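Please keep the sequence and the structure in view while reading.

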Amino acid sequence: MENSEGVKIESTVVTEEPLISALDIALFVVIITVAYFWYFKRDKQSSSSEKKPYTIQPSSLSSIEQTSNSSFIKKLKSTGRSLVVFYGSQTGTAEEFAGRIAKEGARYKMKGMVADPEECDMADLVEMKEIQKSLAIFCIATYGEGDPTDNAMDFYEWLQNGDADLEGLNYAVFGLGNKTYEHYNEIAFYIDQRLEELGATRVHEIGLGDDDANIEDDFVSWKEKLWESVCSHYGIEETGEESNIRQYKLVDCSEVLPERIFSGEISRLKSYENQRFPFDVKNPYLSKIAVNRELHKSGDRSCMHIEFDIDGSKMRYDTGDHVAVYPKNSSELVDKIGELLNADLDAVFSLLNTDEESSKKHPFPCPCTYRTALTYYLDITSNPRTHIMKELIEYASDPKDQEKLKLMASSTPEGKKEFHEWILRDNRNIVHILEDLPSVKPDLDHLCELLPRLQCRYYSISSSPKVYPKSIHITAVLVNYTTPTNRVNKGVATNLLAQLIPTNDELPQPTIPIYIRRSQFRLPPKSQTPIIMIGPGTGLAPFRGFIQERDYARKEGREIGEMVLYFGCRKKDEDFIYENELQEYVANGTLTKLHLAFSRDQPEKKYVTHLLEQNADELWNIIGEKSGHLYVCGDARSMAKDVHSIIVKVVMEKGQMTNSQALNYVKKMEQQKRYSADVWS
């Protein structure tokens, strides 16, 4: 338009007519006015969109509901509450514990609410003192190498970098960790100490939950003492009222249109039909299974090599990262629950939070069918916690069943013993409980409220993006075992993966939702740096990617450092996975040395730890004299601990150091990322 207007002006100059007519001026004013309003309206909308907190709700909500106020103080004040329980949760356990504490607050005249620190302005903690008899409780998990959970990261950094005056804030902390890991409950310890440094008052000593033992017992014991301290601190008494108040109410959704019903999506309706980048924990990518082959040569166990197709997804990964796989429960177990409770699994329902102020409107994506909830959203294979036993009591019609549930729900020594033996030792899940206590018939909607969310499973990626940019490889052992009650329990994810076998090109390929989780388990920046890799069994997985990446560099003509691999399995002829690949890397010089331990190929057990002890000179040469890197992947409970002890011993002997000096040396290696562990318990 401006160009045609320019031509017009040139024409009027030639004919010596007025340059701009009244009509031109009027049109120009109209155009400028329209452009002005259009531009600033668009800019305002864009700015508003950028500043609006990003929260994913599991169902379609009004814009007012979606833009929830991040000030938890305002919510506390407006609803007459004095207790807020924050959670830092990676798997859902901390969130569950937070909900139980907030619920119990009513017994102590403290109306509570649960809050996600990621969705709150944590600077508002300075205003907690304005609320009479207020209390902030933090249920905080530590994962990885002493890292905060994703949703607690901002709060953790705020504590690190800020110097807020928290005088008048009353608090307590419960940590969720695992003693098999070096950085046991590190984040909980830090938050507990940092809050005190900033002037807050600790109402009760920190609680430490150990997931390697019995974290439920740890939590219940701490919680009971917590309320004793709370009563003493505030001068209040327990009301004695202990009723099972429902957090969610049942909504009949039989009239909801089919296109508005969730069918397994994690958060966004129809997200698997309309995939949108970027892909993450709330928006996984529906990946095709490109390859699924058996790695074991014989024997009664199975180890799968699986390749996920990510071509066209824009997903990128680095060597050493993890891939999260979203499983689903077996239809056999789901149908069994419907049968035991005489329920219509195809009925469409929703669970709506009775607390209108809560940012969490539903426990999982709603509306959906009971079958969908039990298949995709709820964990029906793990051992239920004691609070579920407590909630099931009212549904038991047989006095014997009722008494058994009451005992297991109690915190008495007898109750803890019974819970440990009948639930944990015998490995009963909710299906087994309903089978073995036949008079217990809970309402299915209440059961759906009680059961924890089904969590994704993480696997070390066993490929390098330099070699396989369009696929992600994993190495997974099929989990099947017989319980003391002669039931066969099956791993939720691995048994699903075992069924996803690619077909010929004419048929649709099987798919599964995945996303990539970043890791600190990385190769040295310089390809010349020598490395030692210790990975028995499927601990080999990330090292397969490491070796691929170094082999790629070698083929490009770059110099690569020594690569020494320690690998162990039961029998060479049964479970020596990737044998041909590894031997080829040895032959072409990429893999400098391959130390093998086959534990059951001789009368005396032989493990990689035995080989490490025998090769002390080689270890010290690389990690001591050449400042190389050492990596460990596999079992945290015994193998990783044994390796750590051996490394300290080698440093003492070969480096001529005292025990404390050797420990400090290894600690420094860890701080410099020269000693890295990717382990699990």
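Patches are made of residues with over 30% relative accessible area and no salt bridge, like charges being joined within 9 Å and nonpolar side chains (Val, Leu, Ile, Met, Phe, Trp, Tyr) within 5 Å. Lys and Arg count as positive and Asp and Glu as negative, while His and the chain ends are not counted. The place of a charge is taken as NZ of Lys, CZ of Arg, CG of Asp or CD of Glu. Accessible areas come from the Shrake-Rupley method with a 1.4 Å probe, and for residues only the protein chains shown count as cover.

The model is predicted, so local features need pLDDT of at least 70 and side-chain atom pairs count only at pLDDT 80 or more, whereas totals for chains, interfaces and linings use all residues. Residues are numbered from 1 along each chain as its sequence is written, and side-chain values use heavy atoms, with hydrogens and water left out.

On the surface, a patch of negative charge gathers Glu 118, Asp 150, Asp 154 and Glu 157. Glu 118 is found in the loop between β2 (112-115) and β3 (135-143); helices (H or I, at least four residues) and strands (E, at least two) are DSSP runs, numbered from the N terminus. With a relative accessible area of 44%, Glu 118 is partly exposed. Here buried means under 20% relative accessible area, exposed over 50%, and partly exposed in between (1.4 Å probe, protein chains only).

Polar contacts come next. A polar contact is a pair of N or O atoms within 3.5 Å; within protein, one must be able to donate a hydrogen and the other to accept it, and residues adjacent in sequence count only if both atoms are side-chain atoms. Asn 151, in the loop between β4 (147-148) and α6 (153-161), is buried because its relative accessible area is 7%. The side chain of Asn 151 makes such a contact with the side chain of Asp 116, at 2.9 Å. Thr 142 belongs to strand β3 and is buried, at 13% relative accessible area. A polar atom of the Thr 142 side chain lies 3.4 Å from the backbone nitrogen of Glu 186.

Side chains of opposite charge can pair when their charged atoms come close. A salt bridge is a side-chain nitrogen of Lys or Arg within 4 Å of a carboxyl oxygen of Asp or Glu, and the structure holds 43 of them. One joins Asp 355 and Arg 81 (2.5 Å, N to O). Asp 355 lies in the loop between β12 (348-353) and β13 (368-369) and Arg 81 in the loop between α4 (72-78) and β1 (83-88), so this pair ties together parts that are 274 residues apart in sequence. Asp 355 is partly exposed at 21% relative accessibility, whereas Arg 81 is buried at 5%.

Another salt bridge brings together the side chains of Asp 212 and Arg 637 (2.5 Å, N to O). This pair links distant parts of the chain, 425 residues apart: Asp 212 sits in the loop between β7 (207-210) and α8 (215-234), and Arg 637 in the loop between β22 (629-635) and α22 (639-654). Finally, a network of salt bridges links Lys 336, Glu 339, Arg 425, Asp 426, Arg 428, Glu 435, Asp 436 and Arg 487.
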